[in-house]
Amino acid sequence: MVVFEKPHALTDVPLHYCPGCTHGIVHRLVAEVIDELGIEGKTIGIAPVGCSVMAYNYFNCDMIEAAHGRAPAVATGVKRANPENIVFTYQGDGDLASIGMAETVHSAARNENITIIFINNAIYGMTGGQMAPTSLPGQITQTSPYGRDTNHCGFPIKVCEMLAQVDGAQYLERVAVNNVKNVKNAKKAIKKAFQNQVEGKGFSLVEVISTCPTNWGLTPKKALEWVDEKMIPYYPLGVYKDNTAEKEAE
Amino acid sequence: MATTQYLFAGFGGQGILFSGKFLAYKGLTEDKQVSWLPSYGPEMRGGTASCSVILSDTPVGSPIVSKPDVLVAMNLPSLDKYEDSVVSGGTIFVDSALIERKVKRTDVNVYYIPATKLASDNGMPTLANMIIVGKILKELGGYNEETVNAALKKVISAKRADMLETNLKAMNIGAEN
Amino acid sequence: MADKVLMKGNEAIAEAAIIAGCRHYFGYPITPQTEIAAYMAKRMPKIGGCFLQAESEIAAINMVYGVASTGLRVMTSSSSPGISLKGEGLSYLAGADLPSLVINVQRGGPGLGGIQPSQSDYFQATKAGGHGDFRMLVLAPSSVQEMADLTVKGFELADKYRMTSMILADGTMGQMMEPVSLEYDIKPMPEKPWATTGTKMEREHNIVNSLFLQPDALEKSNLERFERYKYIEENEVMYEEYMMDDAEICIAAFGIAARVAKNAIVEARNKGIKVGMIRPITLWPFPTKAFEAAAEKAHTFISVELSMGQMLEDVKLATKCKGEYMLCSRVGGMIPSPEEVLAAIEKANGGAK
């Protein structure tokens, strides 16, 4: 009897992520959803620059590696070329909320019928732990060694709250993957975000509060706790916008 | 005629580019080599506008007219700026309704025509440019009903087909004055 | 003649692109090339294509990257400052070996510069479109007809070699109207088995990518690309020779500068001066051999350009610095007059000082 299987949408390439990093969980959730919706053959994934830069090796669907922050623009091109394809981007906080903010906001404003998986772990992982646009006030990073001073370098950006003000955005939800219950909710949100695209309901973004034990300087277990103690109070979980139910009623 | 270089100059909004375009199309209909080059940028909006038109029997080299054979000056700044650039023996058409002074050069042919006044007197205030074009064709030759009609059809969009007659009328007024 | 229409250079590019099968255009308004966007905005919805005004030049070139990944013909256009913004995308397109067509209707620089014609992006186009070792096919039209012809050619070359073709025009070429004939025999696109259009569960996944973390693998990809470039240098050079048979003075000029130079050459020939011109149509690959051959007879090379001697460097390299060299240039949006070029020719001829 098979009790646990790798989703088909994941390749056999071993993930390069650090121990305790939750990228692996989110990759698996995305892959499960692709399997369950039976869309692998028509899905195109766009990988970002950041820790998940090599996501193109991990998903079995066609993949494109984009320049830093430009994944939503690349996704726009792919989707406009072949609207029957399912197009998703997988981006971190530096990619999506800093260097690629314009691409993020405008793809939402245009209501591109795409799915964005946004990994928010409040730090730049790949370059070794620098301050992210989502680093918390007071958070110590390599480039905020005395703690993020909001008088000096401003406040964290709350992406779901911000995009909720953009008329084009259709579905925005923030989830976490630090415990079983949250993982289950995250799966539901990710599935809805892909389902929306399949049904032509438009721009869907799921923000996943993630961990970075390595650069947070915590053990994997402590990192999961830190999500509950620090991250979620600043970035409350929940649905920030959902126009897709209305569309069903229409 | 091997090559004739025209320079149309005036205010933005006087139809400078349009009259140049008409001449270029007329040349094209007559199997000539042609080029049309507008000034572009913010100056198009209310400042001075100019356009270079070259009609030739041989391939056009530079499309920039710096020594016009024919200058059309529809305001004083244009006459001031370009009078000296006209080739010796060339021709200057002056809208005398808007330019009070006379051309100083004595080695060029000059035609004064109160185009802007004629246009408003005849209820076609936007067609002073085509009145001058009518004058050009009369004085320099080249008025050919067939090619004039063909060129007008090219420059006037189908939606404004009613303007065709008015343009012809304007050119006739120019030819008669 | 009957089939010829008068078109602005910018519009000729747009219509030729549509004829070549381009159905996706992304851009951001900037003078003096906005007619291309306006034309596409009007036409694309009527032929089932997609015109999209992007939020930035950066977004536009990345939308191009997205469509190019699917194997369809796609283009963007801009003018100098906007092309600088696209530099990032140009490098990624090269790194991922994606075909695309990029139009640069140049204006004066650096910085915000002006809006009048210029050729001062020559270095950027031919040598440094972005970071990393890569080339673009750089095509330099000198008439409205060539604006259209080279657009079609640009798409074909881009597909053939999986790289970016850039049309390097200038404000004059974009804004002027001349008669054009738009009759083309469009060849079918080559197969693109690498395109990311979905596996349909029938093949391994395709990956469009420019990341190689292993230096030996990255070196290999660079070397393979440069093998292709070498082949292109041997097979795709285009240029026009004008009165070069007995030329003792050789003008090098492209685009609008070549048009002006032709007038001056006619005048100089009337004065008995043996002058001719090599007009590169491809700036990369540069017509090195043509200049090398000209150096056998010509004693002086005059680069007529709307930049501060950027092309002159390539002329010197091509001719191994064997001759005398002069620069005849105006910049900042100014264009040399035929008289200025004639004066340079006469000076080269040892005449009027």
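# Exercises on a predicted model

Strand β2 (residues 24-27) of chain C pairs with β3(C) in the parallel sense, over 4 bridges.

**Exercise 1.** Decide whether α1(C) and α2(C) are roughly parallel, roughly perpendicular or oblique to each other, and list the residues that make their contact.

Step 1. Helix α1 (residues 9-19) and helix α2 (residues 34-43) of chain C pack at an angle of about 40 degrees, and their axes are 8 Å apart.

Step 2. Angles under 35 degrees count as roughly parallel and those from 65 to 115 as roughly perpendicular. α1(C) and α2(C) are therefore oblique to each other.

Step 3. The crossing of α1(C) past α2(C) is right-handed.

Step 4. From α1(C), the contact takes C:Asn10, C:Glu11, C:Ile13, C:Ala14 and C:Ile18. From α2(C), the contact takes C:Glu35, C:Ile36, C:Tyr39, C:Met40 and C:Arg43. By class, 6 residues of this contact are nonpolar, 1 is polar and 3 are charged.

**Exercise 2.** Describe the sheet of 5 strands in chain C and the helices α9(C) and α11(C) that lie against its strands.

Step 1. The sheet is open, with the order β10-β12-β11-β14-β15 in chain C and mixed pairing.

Step 2. Its edge strands are β10 (239-242) and β15 (324-329) of chain C. From one strand to the next, the twist averages 20 degrees.

Step 3. Strand β14 (residues 300-305) of chain C pairs with β15(C) in the parallel sense over 6 bridges. C:Glu305 has C:Ser329 of β15(C) as its bridge partner.

Step 4. α9(C) packs on the sheet and touches β10, β11 (249-252), β12 (275-280) and β14 of chain C. The direction of α9(C) makes about 165 degrees with that of β12(C).

Step 5. Helix α11 (residues 310-318) of chain C lies across β11, β14 and β15 of chain C, and runs at about 155 degrees to β14(C).

**Exercise 3.** State how chain C is divided into domains, and describe the side of domain 1 that touches domain 2.

Step 1. Chain C is divided into domain 1 (5-235) and domain 2 (240-348). The C-alpha centres of these domains lie 28 Å apart.

Step 2. In chain C, 27 residues of domain 1 are in contact with 22 residues of domain 2.

Step 3. On the domain 1 side, α5(C) gives the largest share, 4 residues. By class, this side has 14 nonpolar, 9 polar and 4 charged residues.

**Exercise 4.** Work out which chains touch, and which element of chain C gives the largest share of its side towards chain B.

Step 1. There are 2 pairs of chains in contact, and chains A and C share the most contacts. Chain A and chain B do not touch, their nearest C-alpha atoms being 28 Å apart.

Step 2. Between chains C and B, 19 residues of chain C are in contact with 16 residues of chain B.

Step 3. The largest share of this side of chain C comes from α9(C), with 4 residues.

Methods. Residues numbered from 1 in each chain as written. Chains lettered and ligands numbered in written order. Predicted model: local features only at pLDDT ≥ 70, side-chain atom pairs only at ≥ 80, totals over all residues. Contact = placed C-beta atoms within 7 Å. Helix = DSSP H or I, 4+ residues; strand = E, 2+ residues; numbered from the N terminus. Pairing = 2+ DSSP bridges. Domains from an automatic or database assignment. Nonpolar A, V, L, I, M, F, W, Y, C, P; charged D, E, K, R; others polar. Axes fitted to C-alpha atoms, helices over the stretch in contact; angles between N-to-C directions. Parallel < 35°, antiparallel > 145°, perpendicular 65-115°, else oblique. Left-handed = near helix turned anticlockwise from the far one by under 90°.
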